[in-house]
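Subject: Structure for you to look at

Hello,

I am handing over the structure we spoke about. Please have it open while you read the notes that follow.

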Amino acid sequence: MKRLITLIIMTLLVSVILLGCSKVNRENYDKIKVGMEYEQVISIIGKPDKCDAVMGSKNCMWGNENKNITITFIADKVVITSMKGL
């Protein structure tokens, strides 16, 4: 029984740590500036969860529908940024 409780506590701690490590946060959003290269953005917030390319522009989203960073790139440079729930 004691082993089971220890396992449950360790699982919860790991979950909390992983959820707290998300790069999709206000601090990282504020680091992203118009004109930055795509690779610079990736170095700050990691690879996007979703990207759609349309007529020379690329719209990428990090996060989910409730908490996200969305960036539009043209020629692999940031032109528009937005965020939700940060």
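One definition to begin with: a residue is called buried under 20% relative accessible area, exposed over 50%, and partly exposed in between, with a 1.4 Å probe and protein chains only. This is a predicted model, in which local features need pLDDT of at least 70 and side-chain atom pairs count only at pLDDT 80 or more, while totals for chains, interfaces and linings use all residues. Residues are numbered from 1 along each chain as its sequence is written, and side-chain values use heavy atoms, with hydrogens and water left out.

The disulfide

The whole structure contains one disulfide (a pair of cysteine sulfur atoms within 2.5 Å). Its partners are cysteine 51 and cysteine 60, with 2.0 Å from S to S. Cysteine 51 is partly exposed, at a relative accessible area of 34%, whereas cysteine 60 is buried, at 1%. The torsion about their S-S bond is about 105°, so the disulfide is right-handed.

Overall layout

The protein has three helices and four strands, and from the N terminus they run α-α-α-β-β-β-β. Helices (H or I, at least four residues) and strands (E, at least two) are DSSP runs, numbered from the N terminus. Of the 86 residues, 26% are buried. The accessible surface, by the Shrake-Rupley method with a 1.4 Å probe, comes to about 6,200 Å², and 62% of this belongs to carbon and sulfur atoms. Contact means heavy atoms within 4.5 Å. Among contacts between residues at least 6 apart in sequence, 31% join residues at least 24 apart.

The core

In soluble globular proteins, nonpolar side chains tend to be buried together. A nonpolar core here is a set of buried Ala, Val, Leu, Ile, Met, Phe, Trp, Tyr and Cys residues joined through side-chain atoms within 4.5 Å. The largest one has 15 residues, and those with the most contacts inside it are Ile32, Val41, Ile45, Trp62, Ile69, Ile71 and Phe73. Helix 3, strand 2 (57-63) and strand 3 each supply at least two residues of this core, and helix 3 gives the most, with five. Leaving aside neighbours within four places in sequence, isoleucine 45 is in contact with Lys23, Asn28, Ile32, Trp62, Ile69 and Ile71.

The aromatic pair

One aromatic pair turns up in the whole structure. Rings of Phe, Tyr and Trp (its six-membered ring) pair if their centres lie within 6.5 Å; planes under 30 degrees apart count as stacked, over 60 as edge-to-face and the rest as tilted. The rings of tyrosine 38 and phenylalanine 73 have centres 5.1 Å apart and planes at 75°, so this pair is edge-to-face. Tyrosine 38 lies in helix 3 (residues 38-45) and phenylalanine 73 in strand 3 (residues 68-74), so the pair ties together parts that are 35 residues apart in sequence. Tyrosine 38 is buried at 15% relative accessible area, and phenylalanine 73 is buried at 1%.

A charge sits over a ring if NZ of Lys or CZ of Arg is within 6 Å of the ring centre and within 35 degrees of the ring normal. The charged end of lysine 58 sits over the ring of tyrosine 38, 3.8 Å from its centre. The charged end of lysine 58 also sits over the ring of phenylalanine 73, at 5.9 Å from the centre.

Asparagine 59

Asparagine 59 lies in strand 2 and is partly exposed, at 31% relative accessibility. Its C-alpha atom is separated by 4.4 Å from that of threonine 72, 13 residues away along the chain. Not counting residues up to four places away in sequence, asparagine 59 touches Lys50, Cys51, Asp52, Ile71 and Thr72.

Regards
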